[in-house]
Amino acid sequence: MINPAVALPALLSQPLKMLIDGKWLASQNGACMDVINPSNGQVLVQESLGGAYEVDLAVQAARRAFEFGPWSRMRPSERSRMLLKLADELEQNGDELALLETLNTGKPLKLARAFDIGMAAECLRYNAGWATKLNGETRNVSLPGDWHAYTLREPVGVVGLIVPWNVPLAMAVSKIAPALAAGCTVVLKPAELTPLTALRLGELIQACGLPPGVVNIVTGLGHEAGQAIVDHPGVDKISFTGSTLVGKLILGSAAGNLKRVALELGGKSPVFIFADADLDRAIDAAARGIFGNTGQVCAAGSRLFVHRTVADRVIDGIVQRARQLRVAPGLSPDSEIGPVISARQRERVMGYINSGRAEGAEVAAGGQVVEGEGFFVQPTVLVNTHPRMKVVREEIFGPVLSTQLFDGDSLEELATRGNATDYGLSASIWTRDLRLAHQLVRRLRAGNVRVNAAMALDFAMPFGGYKQSGWGRENGREGVEAYTELKSVAIDLN
Ligand code: NAP
Ligand code: MG
């Protein structure tokens, strides 16, 4: 359902091409596929399916731009200015980008405008600052004689960036921005389901005057275009966000030329609500933390642990919110929750809900698809869940919360229950007792812990996972240094 008052972005007026070496190309063999609007199942446009041939062109272009082209030799302040200019372009075209994101993912337009596009622009600005601040150091060596010793931070080279469909533009930018700030050149592969904003970003990158080959965008299937990037000997580093399963495949393939690999993978994050917490805020945040973006968030708080004395009030509060949230196409002005990304994802989410039922969980809210066009699933709360159930162990990546109670548990026992997962991406703790909060923070095996808050994303804060939630960190100094190599230089002054 496209609101007739909304003009369709020009990008959708013809089949989509790929950005390779500053030129827009269709795939050489003519392969393409439909891009679907998950709010109604209709075709928005066709995208090109690139493969090994296109990836090779893109890697060669990125290599030229890196070795000979202006990018890695450009003054850091110029790279910084380009990133700032791109942030301005993004904001000036923010309404159109948000519309594209909403058409392609179904998420509420307001959310896309404020969060997805806003975050992407902020990310560019944050990383623009690092371009001029990446330094080596002098070192006091104890070698015999007289030495001048120092380190150099150099860009790692050509990087392959592979991103998922849940937050398409912001994910792409969260990798492109630090990579460019560090002086790398890029081959980006968006998710096959969500190429729109990445390609519009490509147009804006050109409008900003970034030299050809610095950013190349190859659309296509994971096992073809994605795999070709991972296999290519001309790629120095892969930064991947997606499922743990594909992350493991990528690690294997990257062994060929020992590419550096950064992985941001899945999660099954615990939320602890203690009896003394500000319950209204905790309820609100717990609901937003699992239903926001239709639960398609790697750091979603999908396992609730609530103290028995406040369990009724907390679970009832979340159930009320689940029932009240307006599930509707992202272009409906009152939409709060959009569809899941595809029919396949809807089946997957429903499969989990049904497995929960079969294993004895009780559905306190939701639990059904929304009939009619589009891929909508009701916000769902499962009670009487047990750690052995599939819904508690596996990442659902949908609007499904599982709940468990605690009572006489020691801090150690509670942490053990929270840590009883292969993942370790994030956690939140709700209590007014800061001593307790700090003690639990230290016991949780998770990369991102929030106290009396849900997501709280900030580009200054490193983001990433323990255990099978990933390798490495994005954001902060660590996030940009991840796109560099460190060189030690020692000069004998004798
Ligand atoms: P996915 O299947 O792992 O795909 C992610 C990306 O990898 C897509 O671009 C995909 O292409 C590509 N890909 C698939 N197979 C590949 C291969 N063999 N070689 C190279 N690339 C390949 O994940 P998804 O289904 O799109 O996204 C959902 C998952 O991502 C969830 O598990 C979620 O937890 C995780 N996620 C994690 C974070 C984080 O920051 N930690 C953020 C968001 C999502 P296709 O689109 O063509 O399949
Ligand atoms: Mg996939």
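# Exercises on a predicted model

Arg 321 has a relative accessible area of 29% and is therefore partly exposed. In this wording, buried stands for under 20% relative accessible area, exposed for over 50%, and partly exposed for what is in between, with a 1.4 Å probe and protein chains only. The model is predicted: local features need pLDDT of at least 70 and side-chain atom pairs count only at pLDDT 80 or more, while totals for chains, interfaces and linings use all residues. Residues are numbered from 1 along each chain as its sequence is written, chains are lettered from A and ligands numbered from 1 in the order in which they are written, and side-chain values use heavy atoms, without hydrogens and water.

**Exercise 1. Find the salt bridge partner of Arg 321 and say which helices the pair ties together.**

Step 1. The term covers a side-chain nitrogen of Lys or Arg within 4 Å of a carboxyl oxygen of Asp or Glu.

Step 2. The partner of Arg 321 is Asp 284, with the closest N and O atoms 3.2 Å apart. Since Arg 321 lies in helix α10 (residues 311-324) and Asp 284 in helix α9 (residues 279-291), the pair ties together parts that are 37 residues apart in sequence. Helices here are DSSP runs of H or I with at least four residues, strands are runs of E with at least two, and both are numbered from the N terminus.

Step 3. Asp 284 is partly exposed, because its relative accessibility is 28%.

**Exercise 2. Count the salt bridges and examine the one formed by Arg 125.**

Step 1. The rule gives a count of 24 salt bridges.

Step 2. Arg 125 pairs with Glu 91, and their closest N and O atoms are 3.3 Å apart. Arg 125 belongs to helix α4 and Glu 91 to helix α2, so parts that are 34 residues apart in sequence are tied together.

Step 3. Arg 125, at 25% relative accessible area, is partly exposed, and Glu 91, at 36%, is partly exposed as well.

Step 4. Another salt bridge joins the side chains of Asp 334 and Arg 326, at 2.5 Å from N to O. Returning to Arg 125, salt bridges with shared partners link Asp 88, Glu 91, Glu 122 and Arg 125 into one network.

**Exercise 3. Is Asp 116 buried or exposed, and which residues does Asp 116 contact?**

Step 1. Asp 116 sits in helix α4 (residues 109-131).

Step 2. Its relative accessibility is 0%, so Asp 116 is buried.

Step 3. Contact means heavy atoms within 4.5 Å. Apart from neighbours within four places in sequence, Asp 116 contacts Glu 101, Lys 107, Leu 111, Val 167 and Ala 170.

**Exercise 4. Describe the largest nonpolar core.**

Step 1. A nonpolar core is a set of buried Ala, Val, Leu, Ile, Met, Phe, Trp, Tyr and Cys residues joined through side-chain atoms within 4.5 Å.

Step 2. The largest core has 64 residues, and those touching the most other members are Leu 180, Val 186, Leu 188, Leu 196, Leu 210 and Val 215. Helix α5 (residues 168-182) contributes the most, with 11 residues.

Step 3. Beyond neighbours within four places in sequence, the contacts of Leu 196 include Leu 11, Val 35, Leu 100 and Asn 104. Leu 279, Ala 287, Phe 291 and Val 319 are among the members of a second, separate core of 29 residues.

**Exercise 5. Work out the strand order in the open sheet of 3 strands.**

Step 1. Two strands pair if DSSP finds at least two bridges between them.

Step 2. The order is β5-β6-β20, with antiparallel pairing. β5 (138-139) and β20 (484-492) are the edge strands, each pairing on one side only.

Step 3. β5 is joined to β6 (residues 147-155) by 2 bridges, and Arg 139 is opposite Ala 149 of β6.

Step 4. β6 is joined to β20 by 9 bridges; Glu 154 has Glu 485 as its bridge partner in β20.

**Exercise 6. Characterise the interface between domain 1 and domain 2.**

Step 1. Domain 1 covers 10-265 + 470-488 and domain 2 covers 270-458, with bounds from an automatic or database domain assignment.

Step 2. Their centres, taken over C-alpha atoms, are 31 Å apart. Contacts involve 28 residues of domain 1 and 27 residues of domain 2.

Step 3. Buried area is the accessible area (1.4 Å probe) that two parts lose on being put together, summed over both. Here it is about 1,900 Å², with 63% from carbon and sulfur atoms. Pro 38, Ser 39 and Trp 165 lose the most area on the domain 1 side, together 27% of what that side buries.
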